[in-house]
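Opening the notebook on this one.

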Amino acid sequence: MSDEKLTPRNIDFSEWYNTLVLKAELADYAPVRGCMVVRPYGWALWENIQAALDRRFKETGHVNAAFPLLIPMSFLEKEKAHVEGFSPELAVVTIGGGEKLEEPLVVRPTSETVIGSMYAKWIQSYRDLPVLINQWGNVVRWELRTKLFLRTLEFYWQEGHTAHATSKEAEEETLRMLGVYADFAINEGAVPVVRGVKSECEKFAGAVQSLSIEAMMQDTRALQSGTSHFLGQNFAKAFEIQYLDQNNTLQHCWTTSWGLSTRFIGAIIMTHGDDQGLILPPRLAPIQAIIVPIFKSDPETAAVMEAVNRVQTELKAAGIRVKVDDRTEVTPGFKFNDWEMRGVPLRVEIGPKDVEKGSVALARRDKPGRDPLTGASGKSFVPQAGLAAVVADLLTDIQKSLLERATAFRDSHIFDPKDYSELTEVVQNGWAYSFWCESSECEAKVKEDTKATTRCIPLDREKGHTLTGAGGKCIVCGKDAKRKVYFAKAY
RNA sequence: CGGGGUGUAGCGCAGUUGGCAGCGCACCGCGUUUGGGACGCGGGGGUCGGCGGUUCGAGUCCGCCCACCCCGACCA
């Protein structure tokens, strides 16, 4: 239940975000520091995200499975970079059933190791390849500083793990799944993302190469919204994932992993939300249209509810996720604000006047529902007849306009600074897109001077490899640089 | 782990010099209301974060501890 206004975004973006997550009832703080409870409304959103992704995973030939939460500590130690990357943030179980364990168990921070160990068992022949498995689950990373959805000790995600016969196949898979994420983010979440290659410093612990999709939030900070890793033979060698090829030669597999988490909910919130609350993209919104009945007296109630039920049935039949807010204890005005806080894309009001005229009032969430100066409502009145088609069209249009708005915002906050001094300025309120020599020294200098990090070296959408061209001079050191990178402050 | 802040009713907070634990919202009941956050009347709800100390008396003063939030270092 929302009873107060939000802190405006331009006053305190972080405060706006935190209170919005709580007020919209997406999540709540759990008894343990840094942990969160995903509430039903937030989970419904996650379920829609899952469905949209899972469909894409199945279409690209993947199957789901479930691997255990507990992993022997020794497994993580088998891959050097992996254990170095993850050991500071492991939760470790040392006692089980009242007895000290012979070997400590880690609560999975990610599942490459345990899945790798199983792949070693399952894969014998080139005929067993590729193995294309995804798992929906939760993982634990003991983060020092947490924030609802963006970084919590425990989070929900999916992690895909694949094994291939050749490097080329594995690299293609890595790229394919990055494409799936980008397609999902853009077309389902209306979150415009850039896809690219992470720097050596920023890549996944144990990967040969990490790819990511990066989104710009309304405070212009970057949010890594999904990652796809080419693991080379690192884990295959650590876990002896081997197969006999056509020539009866023993070969190590080439593996990939890719993940997208409940963090994406944070991306949706911070990409689309406004000072009234959430704005959910229609394709992912748990409720796409909320019907608010309005009535004054009993005879009117019956007539209004008759129309409400009829409209609800019609919208439902058209496949629209619709809900009627039939609460009697709060006024329509309260409901308007309440559902705006929750980001429902479209509101349908039906009152005595509508019953009389055979109309409904529609209010889009993405356009101002109330003119703060004139008090004009900004609602449109449409006939009840044929409403489902109108609503469906509007939802499509809202989806489209959210993406356009977010894309325009992003593009207007990406800069091409002419020198280093300008770079340090633009990353305070945007991203810099600049040539970089790809040395970790230059990367570290930018981070130290500005707190901005490299986000990714963008990929050409069609060709799938990074842009190549004449090249330029590194924005930091002035040496020759082949490729451009995004510098931005990140979550 | 450093810096800052906060712990008092479900939430947000006030509580002066140490002297009956309060306000707003929410909640429950009844009635009137309902097209942009309704109103009246009547109710219920407290280990004042914990432990210890000072005192006739502690929400208030002192010490220690704990938790959470925000800002950094680390990270999806």
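This is a predicted model: local features need pLDDT of at least 70, side-chain atom pairs count only at pLDDT 80 or more; totals for chains, interfaces and linings use all residues.

Residues are numbered from 1 along each chain as its sequence is written, chains are lettered from A and ligands numbered from 1 in the order written, and side-chain values use heavy atoms, without hydrogens and water.

I sorted the surface near RNA strand B by class and got 13 nonpolar (Ala, Val, Leu, Ile, Met, Phe, Trp, Tyr, Cys, Pro), 20 charged (Asp, Glu, Lys, Arg) and 12 polar residues (the others, Gly among them). Of the RNA atoms within 4 Å of the protein, 45% are sugar or phosphate and the rest base.

Next, polar contacts (N or O pairs within 3.5 Å). A backbone N or O of Arg33 sits 2.8 Å from a phosphate oxygen of RNA strand B. On the bases, I found an Asn337 side-chain N or O 2.8 Å from a nitrogen, and a polar side-chain atom of Arg347 2.5 Å from an oxygen.

Which element gives the largest share of this surface? H10 does, with 7 residues.

Last, strand E7 (residues 131–140; strands are DSSP runs of at least two residues). I count 9 of its 10 residues as buried (under 20% relative accessible area), so E7 is largely enclosed by the rest of the structure. E7 pairs (at least two DSSP bridges) antiparallel with E8 over 10 bridges, Gln135 partnering Glu159.

Definitions and conventions:
A residue is near a molecule or strand if one of its heavy atoms lies within 4 Å of it. A polar contact is a pair of N or O atoms within 3.5 Å; within protein, one must be able to donate a hydrogen and the other to accept it, and residues adjacent in sequence count only if both atoms are side-chain atoms. Helices (H or I, at least four residues) and strands (E, at least two) are DSSP runs, numbered from the N terminus. Buried means under 20% relative accessible area, exposed over 50%, partly exposed in between (1.4 Å probe, protein chains only).
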